[in-house]
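Subject: Structure handover

Hello,

I am passing a structure on to you, with notes on what turned up in it. Please read the notes with the structure open.

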Amino acid sequence: MAKLSDSIENLFARFGPHVEQVPAGGWAPIGEADKLVKTHCCFCGQQCGIQLKVKDNRVVGFEPWEEFPFNQGKLCPKGVKRYMQNAHPDRLLSPLERVDGAGFRDLAWEPALARIAAEMKRIQGANGNDAFAVLTGASLTNEKAYLMGKFARVALRTANIDYNGRLCMVSAGAASKKVFGIDRAANPWSDIPKAEVLLIAGANIAECAPITTDYVWRARENGARIIVLDPRMTPIARTVDLFIPVKPGGDIGVFNGMLHVMIKRGWIDRAFIAAHTTGWEAVEKAVEKYTPEYGAKIAGVPASLIVKAAELWGPAKTSFLLHARGIEHHSKGVDNCLAALNLVVGSGRIGREGCGYAMITGQGNGQGAREQGQKCDQLPGARDIENPEHRRYIADVWKVPEESIPHKGLSAIPLVEAIHAGRIKGLLLLCFNPLVSLPDQNFVREALEKLEFFAVIDFFLSETAQHADIVLPGSLMEEDEGTTTNVEGRVIHHKKAVDPPAGTREEWKIICDLAARLGQGDKFAYASTKEIFDELRVASKGGISDYYGITWERIDEQMGIFWPCPSLDHPGTPRLYEGAKFGHADGKAHPQPVEWRPAAEEADAEYPIILTTGRTVAHYLSGTQTRRIGALVGQTPEPWCEMHPRLAGKLGVADGDFVRVESRRGWLTVPARVLTTIRPDTVFVPYHWPFDRAANRATIRAIDPVSNIPEFKICAVRVTKAPRPDDALAHLPPQAGGLS
Ligand SMILES: Nc1nc2c(c(=O)[nH]1)N[C@H]1C(S)=C(S)[C@@H](COP(=O)(O)OP(=O)(O)OC[C@H]3O[C@@H](n4cnc5c(=O)[nH]c(N)nc54)[C@H](O)[C@@H]3O)O[C@H]1N2
Ligand SMILES: Nc1nc2c(c(=O)[nH]1)N[C@H]1C(S)=C(S)[C@@H](COP(=O)(O)OP(=O)(O)OC[C@H]3O[C@@H](n4cnc5c(=O)[nH]c(N)nc54)[C@H](O)[C@@H]3O)O[C@H]1N2
Ligand code: SF4
Ligand SMILES: [Mo]
């Protein structure tokens, strides 16, 4: 194997033109690939088409897949490196068992599964079924998400299952359901370039939804005017017509202020409101007091920017609203979204070409995984777990009595609080790394340490898995077959490219095995994930997210199919609400009045600065995956604290100095990046790192009362200059690319 520092000429001379950087470090010859597999990226909700290069049952590289319509061959820095996980030296290759005081030891599959099943029975026998909980994730395929919901309700019979989408999509989903009756982006992305004006609120699309940037630029080339709301001048904000540097938590001031101006200037579609909505009068009444000046006070920006935004948005003939976690990660996250949706409803610009909106779904299967029944309040098909008719339908599909299906359980944060309080004593967790991603880390760690039994399924030893009693080695996306649903609502097919490495197992097999050990094997007797998908199709039939007409074959023929697709001859539904027919029983939109309220913790004399958190392009979520990929670690090795020069001056901090960012709950030490692209009252830290670099040591455990999303985007901190930690970078994994 050659070193990374070898010159390209040397490498070519030794190996010929086909060399690949390998996870173990350095370079190796790959020769011609055995096959190219047309599939999708495993990371974000864009779910880009990609061709994986396979050699000797290993993923060794990629080629673009230019025919796939969503991304047309384009990929971001994460997508082009995802292939380096399959043979990564950190892959878990055996079940592990915790040995008190001595770390982990390898364990065979049989005793590992037997112990998990025995602990489930013991804890449930002693404390009731709900004392054993399940936490899952939205990187799981639709098949696995469906399986986990069924496993919790049918095999474990616990009410307490929830998923990491609770940290992500639930505010957008709740608002969308309230107003339009359906939780899905209203339009396909092909509508974005057709809009005359775009409003992008709380979305750093250049870094977090990179392919969407291309759609926005196409709109701009067609003459669209673009408005961005963000406390930071993100890369996309630097190229737009109007950037509003809103104070964290101040968006309702802007949205209600814009609507106030639109009403005054006669830019409301009265005919649409009369024919297709209920409750609009209350919305108008609520925004009466939101003059641009009043809105500006809340938003911390000049009133003229709100007027300008209304002047761009109000009179346009076509428009598209895009929003993401910047307005959703708040204890008023649902209200923020409702206020944004009022701008769409008031203008009547929805359900037509170039007219609509989308929440930018975050995780790979952020859309599908929130429909298949792994939320604490939901059954498959986005059905309601408290609706007797919905329960009966699913009970029939599952062949269980309706009364045996548990009712609504706890959502993620209350679930962790119940662990902390000792009410939940056992936990099975997969596809979730709460020890990095949940707010108020010290509390989360305490909770995990109180569990009587904790099992984790992951392909890497995540920070959370380090607290488990048993860890099972799971499979990557490319090692199993299944579907996901992308940001647009397009159901797509992930093909199996390679077998899971020796020692690991496909996760659906692990779950079905556990179900059998709990005495429910007959309900989990699947021979393949295709059989699970076929059951999911039936379970979703007649529900809001109806997949009945979608088959893997149809997906392959049509490059994805948009739900709802109720029958095999139905073409799918790229654009919802055509003809202004909305998802509520009365067919109308139900806009809601919104009043601004402060965050759970505003800045004050003691903690005078607002901390907001989010992402950077090279890393993904809790970083378990991307902090192991050398090129991405090289691109962004550590987190930082972004601050304005005026604030830095006050604090006596220079660019590159280390700072301690401290809240009432915890602190972290990171280098300062002093730049003019952030509001002077706010600092920003990306959250992908663990331990003493974890933004979530400082964040607050406050949640939205409706969606239960945590308030990741606001808490109060003080920032002080700190000595460079002796162990700076010590917590990063070794560079997988091997810079030796
Ligand atoms: N590179 C990368 N891409 C990703 C991910 C990743 O981890 N890395 N994760 C995926 C997932 S799961 C998600 S959820 C998405 C998230 O995608 P985004 O929501 O776009 O990303 P964030 O960085 O969480 O937040 C977006 C912006 O919100 C701003 N913001 C903070 N507070 C406020 C506020 O009060 N109002 C407004 N208007 N803006 C505010 C921040 O400055 C930030 O620029 O990205 C997906 N794509
Ligand atoms: N401060 C702050 N915190 C945040 C956010 C923020 O903006 N600021 N954003 C929040 C958001 S939007 C999100 S989505 C969450 C995400 O937070 P998490 O869900 O905790 O993040 P992931 O990194 O996806 O963790 C998933 C774990 O699952 C594993 N995994 C991935 N795919 C699979 C699979 O198919 N099977 C199994 N078994 N394991 C798998 C990964 O290796 C990883 O260890 O973080 C939230 N936390
Ligand atoms: S934009 Fe998202 S799906 Fe596309 S390559 Fe990047 S991480 Fe993967
Ligand atoms: Mo997310």
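**Helix contact**

Helix α7 (residues 251-264) and helix α10 (residues 292-299) have axes that come within 8 Å and cross at roughly 170°. That makes α7 roughly antiparallel to α10, a term for angles over 145 degrees. Axes here are lines fitted to C-alpha atoms, for helices over the stretch in contact, with angles from 0 to 180 degrees between N-to-C directions. Helices (H or I, at least four residues) and strands (E, at least two) are DSSP runs numbered from the N terminus.

This is a predicted model, in which local features need pLDDT of at least 70 and side-chain atom pairs count only at pLDDT 80 or more, while totals for chains, interfaces and linings use all residues. Residues are numbered from 1 along each chain as its sequence is written, chains are lettered from A and ligands numbered from 1 in the order in which they are written, and side-chain values use heavy atoms, leaving out hydrogens and water.

On the α7 side, Gly253, Val254, His260 and Val261 meet Pro292, Gly295, Ile298 and Ala299 of α10 (contact means heavy atoms within 4.5 Å). The contact of α7 with α10 has 5 nonpolar, 3 polar and no charged residues. Ala, Val, Leu, Ile, Met, Phe, Trp, Tyr, Cys and Pro count as nonpolar, Asp, Glu, Lys and Arg as charged, and the others, Gly among them, as polar.

**Aromatic pairs**

There are 14 aromatic pairs in the structure. Rings of Phe, Tyr and Trp (its six-membered ring) pair if their centres lie within 6.5 Å; planes under 30 degrees apart count as stacked, over 60 as edge-to-face and the rest as tilted. Phe62 and Tyr83 make a tilted pair, 6.4 Å centre to centre with 35° between the planes. Phe62 lies in strand β5 (residues 58-64) and Tyr83 in the loop between β5 and β6 (96-98), so the pair ties together parts 21 residues apart in sequence. Phe62 counts as partly exposed at 25% relative accessibility, and Tyr83 as buried at 6%. Buried means under 20% relative accessible area, exposed over 50%, and partly exposed in between (1.4 Å probe, protein chains only).

One aromatic cluster is formed by Phe180, Phe272, Tyr357, Tyr577 and Phe582. Both Tyr577 and Phe582 are buried.

**Backbone**

Most residues other than glycine have a negative phi, and most peptide bonds are trans. The peptide bond from Trp563 to Pro564 is cis, with omega near -5°. Ala580 has a positive phi of about 55° and is buried, at 12% relative accessible area.

Regards

Methods. Angles under 35 degrees count as roughly parallel, over 145 as roughly antiparallel, 65 to 115 as roughly perpendicular and the rest as oblique.
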